[in-house]
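Hi,

Here is the structure I said I would pass on to you.

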Amino acid sequence: MREALKKLTGESLIYGVGQASGRAVQLLLVPLLTRLLDPQAFAVGDLMMAYSQTAILVMVCGMDGALARFFYQEPDREARIRMASSSLVFRLATGTVVAGLLWLLAAPLAALLVGNAVYAKYVRIGAVTIPFTLLVLFGNDVLRVTFQPGKFVALNITQTILVGACSLWFVWRMHLGVVGVLYGRLLGDAASAAMSMVLVRHTVRPRFSSAALRRMLAYGAPAVPAMFAYGLIASADRFALQRWCSLEAVAVYAVAIKFFAVVAIGVSAFQLAYGPFAFARAQTPDAPRLFARVFAAYVVAACLGALLVAEFAPAILGVLVPASYAGAAWPAAWLAFAAVALGAYTVASIGIGLALRTPLLNWCAGGAALVAISGNALLTPRFGPSGAAVATLLGYVASSVITYGIAQRVHPLPYRGGRLLAVFSLALALALGAQRFAPPGAAGVAVKLGAALVFVAACARLGMWTVRGSVAAERPGDTSRA
């Protein structure tokens, strides 16, 4: 088990480099864009990016998870090539059709989502970008399942450099404003898509297998409503702010959501490594205990990271962005822990994947989306960006809790769910308290670091790093956990 945990840690670190580079373009551009663009323009750009990510999440159709689930079960290399190639054909076809529809419906979509049909041009640029983004994601999926983390990192670093450089050129030197950011994403993703096809050329061929595609769709397609629901959670907050508050409030929230992205760098790295890791070891005798230890380690590490990010968010904002965005600090704290809850869903859902019961994910996601949408409707009009952040956190927490409960019914694993939720709640309380009550200067830094030490001490006291503390005891007569 120790060797398996070391391998997962190593792979997560490698994927973390790739994710850090991929997310870095969002973070590094913030200090510049908040100064080069007025708040309304910055808000519109963020809205377009959020809606684009939601569309892409749905269009993948669960093919990423299906490839990870079945790739290792194919009998030989040729069968795996057919499976990967069939997935590529499907993604290209889907991306092209959806991009065409978005192009035709750009004006009404802009009026609905951004509040004015004048932004139709932005929708069309996003539509053209989608097929290229899907190709980059396909390349990432293939590199993961073929265990080529070096190429994965190279692809993501290249994408970061290209998107960042093109965006800065169009915004800073060409003075194109928001449209420059969108053009930067388009050109960067187009070049990265070409690179991804070069990197995976040994795994794709002019092959197509309808049987392999049906198998993957049977696994992934039932989860499409779930992906749509998670897309709603990811974009409902900004939609609510744009509808009930103002574009200036969207701009503040757009800065706050970058702290979600900071925590999500590590969370996403773990998610990328965990799927292939778990499915490849699912049949080993020690798998249940291994999964339980991974869940505990993830919650502790992710909560500690979110705690530190939330505590120091005000100081970071004071350095990076204009004073008009200082109000992003409080919602940033809630959003940092929303990223932790999103990652917990990945671990909790592994039982559903192993049981081949992916349609159940629709219930998990539907319940979570209902919580998030209701939270936004109740909290955002009254509390603005902070209310939207709390609603987003509640949505992702509901996702993890509901998924955990359902997964334990179809494929029980020896998780300590109550203890994990207590650790998460403690970290969130410490983060909010430290940000709100810590004094300025060195004394405040000491208080914040002290809160982090309190969290670490509590986890040690609970034995979260040991089998006894992280793996539930087997119940008498319970053979499902053997």
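Below is what turned up, starting with a helix, then a cavity, then a single serine.

Keep in mind that this is a predicted model.

Let's begin with helix H7, which runs over residues 149-173 and has 25 residues. From its first C-alpha to its last it reaches 35 Å, close to the 36 Å expected at 1.5 Å a residue. Quite a few of its residues are buried, including Phe-152, Val-153, Leu-155, Phe-170 and Val-171. The buried list also has Asn-156, Gln-159, Thr-160 and Ser-167 in it. Just after H7 you'll find His-175, with a positive phi of about 55 degrees.

Next, the inside of the protein. How many cavities of 30 Å³ or more are there? The count comes to one. The largest cavity holds about 30 Å³ of space, and its lining is made up of Arg-91, Leu-92, Gly-95, Pro-131, Leu-134 and Leu-135. Helix H4 (77-104) and helix H6 (120-145) are the elements that each give two or more residues to that lining. Sorted by type, the lining residues come out as four nonpolar, one polar and one charged.

Helix H4 is also where Ser-85 sits. Is Ser-85 buried or exposed? Its relative accessible area is 2%, so Ser-85 counts as buried, the cut-off for that being under 20%. Leaving aside residues up to four places away in sequence, Ser-85 touches Thr-203, Val-204, Arg-205 and Arg-207.

Conventions
Residues numbered from 1 in each chain as written. Predicted model: local features only at pLDDT ≥ 70, side-chain atom pairs only at ≥ 80, totals over all residues. Heavy atoms only, no water. Helix = DSSP H or I, 4+ residues; strand = E, 2+ residues; numbered from the N terminus. Expected span 1.5 Å × (residues − 1). Buried < 20%, exposed > 50% of the residue type's maximum accessible area, 1.4 Å probe, protein only. 1 Å grid on protein atoms, 1.4 Å probe; cavity = no way out; pocket = protein on both sides within 12 Å on 5 of 7 lines; lining within 4 Å. Points joined across faces, edges and corners; volume = space filled by probe spheres on them. Nonpolar A, V, L, I, M, F, W, Y, C, P; charged D, E, K, R; others polar. Contact = heavy atoms within 4.5 Å.
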